[in-house]
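I opened the model to look up a few features and note them down. The entries follow in the order in which I took them.

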Amino acid sequence: MLKLKDISIKLGDFQLRKINLELNKGDYYVLLGKSGVGKTVLLEIIAGLIKPDSGNVFMNNTEITNEKIQNRKVGIVFQDYSVFPHLNVKQNIAYSLKGKKITNSKKEVLINQYAGLTNITHLLDRNTQNLSGGELQRVALARMLVSKPECLLLDEPLASLDIQLKGGLRNLLRQINQSGVTILHVTHDYEEAIALSDKVAVIHEGEIVQRGSTKEVFQKPANEFVANFTGIKNFFLADFSPINNAKINGTLEINVSNKDQIKNGKIIIRGEEIILSNEKMESSATNNFKGKIKQIIPYLTNHEIIVDIGIDLTVVISEESLQKFKFSENSEVWVSFKSTAIKIIP
Amino acid sequence: MINNRNTPILFVLFGGLILLFIISPLLSMFLATTPLQLFETSKDPEVVNSIWLTLRVSFLATLFFAIGAIPLAYFLARTKFKFKKLVNGIIDLPIVIPHSAAGIAILGFISRDSVLGKVASSLGLNFVGHPVGIALAMAFVSIPFLINAARDGFESVPIKLEKTALNLGASPVRVFFTISFPLAWKNILSGLIMMFARGLSEFGAVVIVAYHPMITPVLIFERFGAFGLKYARPVSVVFIIVCLVFFIFLRTLSKEKHTNNA
């Protein structure tokens with residue numbers, strides 16, 4: 001649907017080199033990278049706000065590299081929301097409808113439809129200057145959606161929101177994606193990628209260093225940068241029972257600290273917070289499992305040990321510990337982790 | 001806000017002296033003018049006509065030149081080009097050159113010998129000694145106030161708002177009129193007021209281009225030259241009052257607009 005071919009641009013201190021990316025209809029694609037690597041610039045190139053030095057942008061197999069901004073059918077939502085401060089919420093949402101050949105009553109229906117979807121119907125007559133970050137983000141999304149873009153470009157949409165608002169916005173983004181809108185979302189936050197995407201590309205020093213399904217990228221990082229940047233390999237889909245239990249992949253039951261009584265979501269366990277031992281240990285950790293070492297992967301400063309406990313769990317240990325406890329592939333070990341070491345992402 | 005008690009007493013003292021320096025001459029002029037003199041002067045047809053002429057010409061010059069100055073300010077705020085600093089310097093030139101010299105330059109530009117003068121002559125117009133000539137002189141010395149204020153206004157509009165509007169399907173012209181212009185309006189209005197006020201008070205450039213018809217600053221100069229301080233003073237006071245009324249009215253209007261938008 002959306003295809004970037006060999007996009008290159010040099011702007012000030014950074015440059016993008018031969019960026020290739022392909023999104024299919026209905027994808028939720030996250031472009032993950034540190035701040036300042038040019039992720040926003042890439043979105044602006046797709047939207048036609050910046051011209052690339054070289055390369056092509058295709059939309060539905062038609063080249064749109066030099067197409068007018070207004071005809072591209074892509075909608076960009078900036079990190080700072082860019083809600084027009086001199087217009088009220090309704091006028092903001094109606095902005096793209098002005099001049100279109102649709103009746104006023106149809107416009108009214110559209111405004112109410114998208115205000116309803118983004119849960120801001122009660123704010124329609126409000127001035128935008130008194131709205132919270134989450135409300136502004138919803139206004140920006142409603143305003144963009146009413147123009148019916150085929151592809152939505154989101155620039156760090158959750159970065160400026162506090163943790164309580166993030167959950168609600170994530171659900172809204174999922175809902176928008178499920179309604180058929182293809183989404184390209186750029187972020188520096190791997191949690192957002194885990195929570196939302198089905199495909200991820202990692203951008204580093206102006207190039208895409210890895211792309212693939214979210215699971216693939218996080219669990220099999222292509223190089224050390226991706227491994228360090230994504231950081232998390234132990235992330236799983238889980239169903240939560242009300243009594244602080246979670247079932248991973250429908251099989252393995254673990255203890256979690258589920259304060260928010262979430263029913264299902266994703267969990268992540270940092271490899272550094274898992275203890276590996278040859279014998280079962282008595283400790284405050286409520287999750288203790290016997291497993292078998294499948295693989296030991298050496299890195300510059302530490303080792304990653306993949307242990308099969310019914311699911312593959314990645315444990316990070318130092319060289320010193322590896323020598324001391326003489327862990328080896330195919331040997332049996334115990335893994336322990338506290339329920340508080342498990343992060344739940346709704 | 002810093003507490004008043006924290007302001008050094010010397011600062012208050014020096015500041016007070018500066019304020020006194022501005023107020024004293026004006027106050028003494030007001031006190032030296034009797035109500036009867038003011039009343040008589042405000043009925044003097046020559047004075048009344050010159051005040052109307054000054055207001056009208058300055059107002060029209062401001063409006064007419066705004067049509068070109070505002071787009072230029074937008075261009076300067078949004079475009080990077082090689083000689084931008086030079087262009088900005090040129091815009092400030094009328095502020096730094098002596099206004100009598102500016103008058104000479106404009107006279108050369110619009111006299112019958114110049115290209116513009118010849119074109120005007122062929123249409124039966126002579127800008128010298130004509131309200132159009134006065135307007136040109138007023139605009140020349142006051143237009144930097146409008147361009148600079150409008151440029152600052154456009155620069156303060158986040159570029160992402162314009163990009164968002166374009167992305168929402170608006171044409172560049174619609175983006176200008178619905179986003180950039182309304183958001184920069186406070187600065188533009190302030191610039192328009194400053195240009196208008198500066199035009200009202202212009203003497204040096206206008207007196208060279210058009211002694212007649214007589215705008216009020218020229219009339220004050222003529223009364224002073226022909227009859228002395230006593231006769232020039234009431235005209236000055238009346239004109240200052242008129243200028244102040246307009247200035248306060250326009251400033252209040254711009255503040256109200258700002259409050260409504262806030």
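Which residues lie nearest the centre of the largest pocket? I found A:Ile163, A:Asp260, A:Ile344, A:Ile345 and A:Pro346 there, in a lining of 19 residues.

**Ground rules.** I am working on a predicted model, in which local features need pLDDT of at least 70 and side-chain atom pairs count only at pLDDT 80 or more, while totals for chains, interfaces and linings use all residues. Residues are numbered from 1 along each chain as its sequence is written, chains are lettered from A and ligands numbered from 1 in the order in which they are written, and side-chain values use heavy atoms, with hydrogens and water left out.

**Pocket.** I noted how such space is searched for: on a 1 Å grid over the protein atoms alone, a pocket is an open set of points with protein on both sides within 12 Å along at least five of seven lines, whereas a cavity is a set where a 1.4 Å probe fits but cannot get out. Lining residues have an atom within 4 Å of a point. Grid points are joined across faces, edges and corners, and the volume is the space filled by probe spheres set on the points. On that basis the largest pocket holds about 500 Å³.

I then asked which elements of chain A each supply at least two residues of this lining. They are helix 5 (163-178) and strand 20 (342-345), where helices (H or I, at least four residues) and strands (E, at least two) are DSSP runs numbered from the N terminus. Helix 5 of chain A gives the most, with six residues. By class I have six nonpolar, six polar and seven charged residues in the lining; Ala, Val, Leu, Ile, Met, Phe, Trp, Tyr, Cys and Pro count as nonpolar, Asp, Glu, Lys and Arg as charged, and the others, Gly among them, as polar.

Why does the pocket lie between domain 1 (2-230) and domain 2 (235-345) of chain A? Both domains give residues to the lining, so the pocket lies between them. The domain bounds come from an automatic or database domain assignment.

**Chain B, overall.** I counted twelve helices and zero strands in chain B. Its C-alpha trace spans about 70 × 65 × 30 Å along the principal axes. Of its 262 residues, 39% are buried (under 20% relative accessible area; exposed is over 50%, partly exposed in between, with a 1.4 Å probe and protein chains only).

**Aromatic pairs.** I took rings of Phe, Tyr and Trp (its six-membered ring) as paired if their centres lie within 6.5 Å, with planes under 30 degrees apart stacked, over 60 edge-to-face and the rest tilted. The count comes to 15 aromatic pairs over all chains. One of them, B:Tyr74 with B:Phe176, is edge-to-face, at 5.0 Å centre to centre and 80° between the planes. B:Tyr74 lies in helix 3 (residues 45-78) and B:Phe176 in helix 9 (residues 172-200) of chain B, so the pair ties together parts 102 residues apart in sequence. B:Tyr74 is partly exposed at 21% relative accessibility, and B:Phe176 is buried at 13%. B:Phe176 also pairs with B:Phe181, tilted, at 6.0 Å and 45°. I put B:Phe181 down as partly exposed, with a relative accessible area of 22%. One aromatic cluster takes in B:Tyr74, B:Phe154, B:Phe176, B:Phe177, B:Phe181 and B:Trp185.

**Charges over rings.** My criterion was NZ of Lys or CZ of Arg within 6 Å of the ring centre and within 35 degrees of the ring normal. A:Lys3 lies over the face of A:Phe58 at 5.9 Å from the ring centre.

**Backbone.** The peptide bond from B:His212 to B:Pro213 is cis, with omega near -10°. I located B:Pro213 in the loop between helix 10 (204-209) and helix 11 (216-227) of chain B. A:Asn60, not a glycine, has a positive phi near 50°; A:Asn60 sits in the loop between strand 4 (54-59) and strand 5 (62-63) of chain A.

**Helix 1 of chain A.** Is helix 1 (residues 39-47) largely enclosed or largely open? Eight of its nine residues are buried, so helix 1 is largely enclosed by the rest of the structure. A:Gly48 follows this helix, with a positive phi near 90°.
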